[in-house]
Amino acid sequence: MKTNGRSLLLYLLVLILFSCNTTKNSSQKTETVTSAEKEVKEKVVTPVVVKPNETEKPKTEITKPEVEVTKPEIEKPPKKEEENKSDDTVSASSLENEMITELNRLRKNPAGYIADIQEYLVYFEKNNFQDLAMEKRTANELIGLLKITQPLQELSFDQDLYKIAVKHGKDIKSRQMQGVMNPHVGSDGSDLTQRVKGLTNMKGQTENVGTSHENAKYQIISLLIDAGVSTRAHRRNILDPHINVVAPYHIGTIADFPGCWIQLFGNKVSSAGDAGNKFTSTLTFADAKKIVDASNMTAEEKEMMNEINMLRSNPKGYIPHIEAYLVKVNNGEIWSMTTPADETRLATVLIKQLKTMAPLSVLKYDAQIYDVAKTHGQYLKANGYKFNPPVSPHLGANGKGADARITNATSMTMGGENIQGTNLNIRETLIGLLIDAGIPDLGHRKALINPNWNHGACHFFGPVPMDIGKVQEKNWIQNFGAK
């Protein structure tokens with residue numbers, strides 16, 4: 001009995017000790033889970049910026065089934081205004097409304113905004129930002145443009161675009177700039193057109209993404225100057241006369257990039273079917289054709305100007321002509337400026353752009369512009385094209401460019417020009433300029449679809465000698481003006 005009693009006591013003692021160890025281990029496990037919940041809560045509220053010398057925490061950490069970060073009993077600290085927004089948020093913050101006000105102040109009085117740009121340059125210099133010389137140089141170019149830019153339509157806040165901006169901004173922020181090669185592309189591979197798809201009342205849309213300033217006005221000016229961006233795409237989006245709605249979203253800080261913003265612009269059709277764009281020309285293509293046909297241009301020159309007006313009056317409808325051109329390029333029937341593959345790549349981007357473009361104003365023939373084009377054509381015939389060293393064919397006898405020649409000799413406030421030597425027919429020549437392969441800044445394309453133009457003239461001339469020992473037989477000048 002004693003032996004049995006001692007065995008029983010030993011058994012009970014072992015059982016008690018085992019039970020204590022088990023309880024201790026269980027308690028430790030519970031504390032670990034609680035710590036994990038707290039860590040995940042903090043990570044979700046304040047995104048972690050992984051620095052180069054830190055180890056990134058595994059992504060699976062926030063998806064453990066035993067961690068429920070949305071439990072109502074877990075109290076979360078208050079978030080900033082922009083962080084409280086869900087994907088279906090439809091009201092802009094005070095800072096975002098400030099950006100809309102600034103955009104409209106710029107668009108209502110472009111020349112009056114020059115003082116704000118000069119103020120920004122002082123701020124830029126005081127803060128020792130990089131590339132000051134380039135910023136100043138590009139800002140002076142912008143100031144020259146704003147001096148002659150007519151007032152533009154004010155923009156209204158659009159809730160549908162804002163939802164898209166919020167969702168895309170949160171997507172960019174979630175990636176912390178890691179693997180974000182192009183901020184206009186979503187993590188699912190979507191582009192802006194795909195994100196806006198389904199908004200049937202939107203005729204076109206564009207997007208700016210900026211990472212410079214928390215201050216709304218300074219962010220606008222930074223994108224407006226657009227230093228380092230050869231196409232000035234951000235500037236063109238802000239000053240586009242065809243847009244009538246906007247949705248700015250303040251993302252905040254992403255990784256080491258403060259002041260991140262998205263600006264979505266659109267051309268929204270009203271319930272009555274009107275694009276709501278008072279700057280769209282009321283002149284129809286048929287009327288423009290009659291004006292051109294009544295001009296003193298030659299038959300070929302009239303045909304070229306009508307081709308330009310076909311493109312401008314219906315950008316999307318011109319796409320089949322470009323596709324037919326590409327077939328000839330890839331069949332070897334047309335020798336492009338670059339390889340067929342490069343020509344096709346650039347044409348694909350162009351087609352995508354034309355699909356979303358609103359109709360542009362067609363060009364009225366202007367006799368004074370025509371005289372400027374003829375005079376410059378005669379100058380080129382007499383002096384030839386210079387390649388060694390290269391001299392721009394847009395420079396005239398007095399060293400002035402197209403804008404100066406046109407504005408000095410006509411009633412236009414601004415002017416532009418394309419010059420092309422070619423062996424192709426009129427349509428193929430125009431499409432070649434529109435694709436603009438081999439031209440880094442796509443200057444010819446931008447001139448053809450510049451929304452500011454409302455007058456123009458075309459001149460066919462030739463032959464023109466070249467200082468490399470050849471003669472270019474067929475040559476075109478396309479001159480544009482805005483009145």
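In which sense do β2 and strand β4 pair, and over how many bridges? Select residues 257-268 for β4 and 202-211 for β2. The two strands pair in the antiparallel sense, over 9 bridges. The model is predicted.

Next, show the whole sheet. It is open and has 4 strands, in the order β1-β3-β4-β2, with mixed pairing. Colour β1 (156-157) and β2 as the edges: each has a single partner strand, so one side of each is left without a neighbour in the sheet.

Move on to residues 367-383, helix α13. From first C-alpha to last, its 17 residues reach 25 Å, close to the 24 Å expected at 1.5 Å a residue. Show the side chains of Ile-369, Tyr-370, Val-372, Ala-373, His-376, Gly-377 and Leu-380, the buried residues of α13. Turn the view to look down the axis of α13: these buried residues fall within an arc of 155°, so they line one face of the helix. Thr-375 and Ala-382, on the other side of α13, are exposed.

Finish with two cysteines. Are Cys-260 and Cys-458 buried or exposed? Cys-260 has 1% relative accessibility and counts as buried. Cys-458 is buried too, with a relative accessible area of 2%. With a disulfide taken as a pair of cysteine sulfur atoms within 2.5 Å, the count for the model is 0 disulfides.

Terms used: Residues are numbered from 1 along each chain as its sequence is written. This is a predicted model: local features need pLDDT of at least 70, side-chain atom pairs count only at pLDDT 80 or more; totals for chains, interfaces and linings use all residues. Side-chain values use heavy atoms; hydrogens and water are left out. Buried means under 20% relative accessible area, exposed over 50%, partly exposed in between (1.4 Å probe, protein chains only). Two strands pair if DSSP finds at least two bridges between them. The expected span of a helix is 1.5 Å times one less than its number of residues. The arc is that of the directions from the helix axis to the C-beta atoms.
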